[in-house]
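Here are a few exercises to work through with the model open beside you. Try each task before reading its solution.

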Amino acid sequence: MTNMPLEWRISKGFINYPDALGEMENRARAIHTGDAPELVWLLEHPPLYTAGTSANPADLVDPDRFPVYDAGRGGQYTYHGPGQRVAYFLLDLTKRGKDVRQFIYSLEEVMIRTIARFEVTAERRKGRIGVWVEREEKGLVREDKIGAIGVRVRQWVTYHGIAINIDPDLTHFDGIVPCGISEHGVTSFADLGIPVKMNNLDNVLKEEFNDIFGLEPRRMTLEIQDPERANQADMPAEAMPTADGTQDTSNPIEDTHPVFQL
């Protein structure tokens, strides 16, 4: 089967993480073999923590608070729960350009533009993946994360994705050091005093995804943030598909690699 239209799926209720992970892995294989179309899957999880491939056990501050799952994606510890829009992107990069850094940059841009549509300025920060909001408090400027990203690429098919904080319980992040970054905080639309409905964000997210990626596959064209560094950096193992589908471990993931850090 070829030239199948991308599936845009919005799930109701809370999706258990192991079920979502199994669905993504099965779908990624089917996309690779041409037996299923690309998928963008929007959902919410019940409260839980996930550990990426670079997770430091010391960053799991309260291991008994919520279930903890090995995500298999790049990055460190993160929280998912009600009030957070999770979007998983299962895309075939053989149809969109075999450029993992371009893919990451484009996902960040989808978040930045989506969030901007609700009058919030979210920005990239060098060495910190995800998108950040500057806030002034008691005369001091601080930066809090409003959108997170963590992906995996297998045989040039992407899975996992992004999370945008609409109105989650921010105290739930206290059980971890989010993404291994202790010097910065976490925020949400609600925390910023901006009411946003989930379905409204979903509609905007789809529009921005179509503008940047295209509901019909096309080559990614956004200019990446730091092209000179990107050309020189080693690709993490998860971004090194091989002909037989096995993982190339000649370039192991580095904790400092910006592409796969949440």
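**Exercise 1.** Find which strand gives the most to the lining of the largest cavity.

*Solution.* Strand 10 does, with 4 residues. Strands here are DSSP runs of E with at least two residues, and helices are runs of H or I with at least four, both numbered from the N terminus. A cavity is a set of points on a 1 Å grid over the protein atoms alone where a 1.4 Å probe fits but cannot get out, and lining residues have an atom within 4 Å of a point.

Before going on, note that this is a predicted model, where local features need pLDDT of at least 70, side-chain atom pairs count only at pLDDT 80 or more, and totals for chains, interfaces and linings use all residues. Residues are numbered from 1 along each chain as its sequence is written, and side-chain values use heavy atoms, with hydrogens and water left out.

**Exercise 2.** Describe the largest cavity and its lining.

*Solution.* Start with the count: the structure holds 3 cavities of 30 Å³ or more. The largest has a volume of about 100 Å³, a volume being the space filled by probe spheres set on the points. Next, list its lining of 14 residues, where Arg73, His80, Tyr88, Gly150 and Gly161 lie nearest the centre. Strand 5, strand 6 (84–90), strand 9 (140–154) and strand 10 (157–165) each give two or more residues to this lining. Finally, sort the lining by type: 8 nonpolar, 5 polar and 1 charged, with Gly counted as polar, Tyr as nonpolar and Arg as charged.

**Exercise 3.** Work out the strand order of the open sheet of 3 strands.

*Solution.* The order is 4-3-5, with mixed pairing; two strands pair if DSSP finds at least two bridges between them. Strand 4 (68–70) and strand 5 (77–80) are the edges, each pairing on one side only. Strand 3 (residues 48–51) and strand 4 run parallel over 3 bridges, and threonine 50 has tyrosine 69 of strand 4 as its bridge partner.

Notes:
On a 1 Å grid over the protein atoms alone, a cavity is a set of points where a 1.4 Å probe fits but cannot get out, and a pocket is an open set with protein on both sides within 12 Å along at least five of seven lines; lining residues have an atom within 4 Å of a point.
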